[in-house]
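Visitor: I'd like to go through this one slowly, if you have a moment. Can you put it on the screen?

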Amino acid sequence: MRMTLAMAMITLGLLEAGCDRHAGSADGGAPPEKRPVVYVVNYPLQYFAQRIAGDRAQVRFPVPAGRDPASWLPAPDRIAEFQSADLIVLNGAGYAKWVETASLPPSKVVNTSASFSDAYIEATGTMTHSHGPAGAHTHAGTAVTTWIDFRQAAAQAQAIGDALTALRPGQADLVGANLGALRDDLLGLDARMKEIARRIGDTPLIASHPVYQYWARRYGLNVRTVTWEPDVVPDAEALGELKSILTGHPARVMIWEGEPDSRSVELLGSFGLASMVFNPCGNVPQRGDFLTVMRQNIADIERVGASP
Amino acid sequence: MTDLLYMSWRYVAYHWMKSVILVAAIALIVFIPAGLRVLVHQGEIQLRARAQATPLLLGSRDSPLELALNALYFSADRPETMDFSATSDITASGLADAIPVYVRFRSQGDPIVGTTIDYFPFRGLELAAGRQMATLGECVVGAAVAADRGLAPGDHVISSPATFFDLAGVYPLKMRVAGVLASSDSPDDHAIFVDLKTAWIIEGLGHGHQDLAQAGAGAEILRRDGSNIVGNAAVREYQEITPDNIGSFHFHRDMATLPITAVIAVPPDRKSRTLLLGRYQSDQRRQLLSPIEVVDTLLATVFSVENVVVAALAAVGFATLALVVLVFMLSLRLRRGEIATMSRIGGSRARIASILGMEMAGVLVMALVTAGVLTLATGQLAPEVVRMVLSR
């Protein structure tokens, strides 16, 4: 009996080993390609890359929740992770200042806004300085929130698609199909926003932060900007600045990046200004995804066009 | 036989001064051409290996030799610089990957090589300790540099000032060692690698300074002209890049116009290589060259010089051997009394001739062994010597 049991165990073991060997070369062809690792610097690029690559790539966005990716500073170990990626997707236009001081391998880097770099908007209203023979200069650079001009967002998605195709030419069809669907969505947002902007016309608007430059330019919106934070209640100096802006720019709405403090809303109410959120969605939203957040933004801004 | 050996050895040992001079003279005359041949051969191997591993080099239309020696072996002879945009020109052509190289500054004699992260996988360089450079102001040092200076990750190296007497010039930059490379038996062992942007900061083309718009800046402000703040000479520029001040570093020029000395172009196939070479054939400002062709031209010159030197050494060797024969013949004449004594005490002519022959053979063997040992030692040290000579 014991002998029979031992024989049965050995036979089972051999069968299992045989099965394992067959599993290793199930299709008889080359081993499956490793999924490329793609690192991105903001959430919109993560959304675009994930939609385009599907499950054929590991898209990683290492900025912690609640942090602004534009001003986030990674530790050297985190930069090392970017260096070891197969593809590093940058926003361009000076977005994520740390990129300028980091050592990233150019062969892996794709600047998604390179195709419209001649249309970058210079940041204005900043103090310049001069020292030595270099002459007056500023370190402010350009406006960075390129993707809320949805046509530019589509160009950025195209750049990601091209880079992924170059990385895995065998997946060109899949990438092309996914990219086409994403472009349709983004251009749909663009068309909708244009339609609403037509209705808004020249109505004066105030933005709480200088992040809406490309949006205002693309859709022909009349926006003036202050530099307020949603979670900081404006002081007397800030309110004075607002008052002077309102003299020549009689806006009825202030657009915020995030939900403003109730005291700020109250203060703005005393100036006859309603508060409205247009979330640029630089980091992962608490609810929904890039598309749903942008659709909500557009639906909210539509109320400006609808108001008498 | 033993008695013959003993007699001849006693003679050689008793007249040790004469024997040493003879051994040294014969050894040197054999070693010098042999050692020279070994050195040249090692130089050829080193030069060709590095050149063969570098498909194409783009540089300013200057001396091809200076360009190749600077880009491949980090020699101190610096070719004319060209704009960094030359790198993107190659990348944009789609015909090759491009790796920029800027070799201008040194740290205690070791070359500081400004490049990109792509350089390391291209050369097959691995880290022995620490990590890759991640930010401005960090460097990765070669194995020999680390061994010579006792450097480890976390230590610092300082760039040498371009000119000692230019007080208003560029100040040295203190750089943190992020990693140490494993030995690769190549010029990379003797180099300090930094990001291209760090190399430009060493040159003073980029810098970091305190924020003049901040409330704390008072003594450093000369005047305010509307929305422009004019700083005075007290504006402090940082000589070390730290996490606290890294954000203040900036360049006053478009990076595309900043200087590099060469671009290593790596075409994926022969067709791309040919097309790329064709594109730069009529370029008036830049040249795209095949390093192996430059090195072979250099080696052809070296070989012709070597042949002349070896011919001269052969003539000197012949004269030396003639002198050695003369010394032996004169010595026989001086030893007539000694030979007669050996004969009187019963030594046959054959045995006396054997003793004298063994003395001469002993000197020759010792000289040849000495020359062989010296040649072997040269063979061992030659790769290192060649690398050091090339990088100086």
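Guide: This is a predicted model, and a reasonable place to begin is chain B, where buried residues make up 33% of its 392 residues.

Visitor: How many helices and strands are there in chain B?
Guide: Chain B contains 11 helices and 16 strands. Among its contacts with a separation of 6 or more, 75% are between residues 24 or more positions apart.

Visitor: What does the domain assignment give for chain B?
Guide: The assignment gives domain 1 as 2–46 + 299–391, and domain 2 as 56–205 + 253–289. Taken over C-alpha atoms, the centres of domain 1 of chain B and domain 2 of chain B are separated by 47 Å. Where these domains touch, 4 residues of domain 1 of chain B are in contact with 8 residues of domain 2 of chain B, and the side belonging to domain 1 of chain B has 2 nonpolar, 1 polar and 1 charged residues.

Visitor: And which domains does chain A get?
Guide: For chain A, the assignment gives domain 1 (37–116 + 143–186) and domain 2 (201–277), with their C-alpha centres 30 Å apart. Their contact takes 7 residues from domain 1 of chain A and 7 residues from domain 2 of chain A; on the domain 1 side, these residues divide into 2 nonpolar, 3 polar and 2 charged.

Visitor: Switching to cores: which residues have the most contacts inside the largest nonpolar core?
Guide: Those are A:Val89, A:Ile160 and B:Cys139, in a core of 142 residues. Helix α5 of chain A, residues 150–167, gives the most to this core, with 9 residues. Apart from this core lies another, of 11 residues, including B:Phe31 and B:Ala371.

Visitor: What does B:Cys139 touch?
Guide: Leaving out residues up to four places away in sequence, B:Cys139 touches B:Met133, B:Val157, B:Met175, B:Val177, B:Ala178, B:Ile192, B:Phe193 and B:Val194.

Visitor: Which residues in α6(A) are buried?
Guide: The buried residues in α6(A) include A:Val175, A:Leu182, A:Leu189, A:Met193 and A:Ile200, and A:Asn178 is also one of them.

Visitor: What follows α6(A)?
Guide: The residue after α6(A) is A:Gly201, which has a positive phi, near 60°.

How values were computed: Residues numbered from 1 in each chain as written. Chains lettered and ligands numbered in written order. Predicted model: local features only at pLDDT ≥ 70, side-chain atom pairs only at ≥ 80, totals over all residues. Domains from an automatic or database assignment. Contact = placed C-beta atoms within 7 Å. Nonpolar A, V, L, I, M, F, W, Y, C, P; charged D, E, K, R; others polar. Core = buried A, V, L, I, M, F, W, Y, C linked by C-beta atoms within 7 Å. Buried ≥ 20, exposed ≤ 12 C-beta atoms within 10 Å, placed from the backbone. Helix = DSSP H or I, 4+ residues; strand = E, 2+ residues; numbered from the N terminus.
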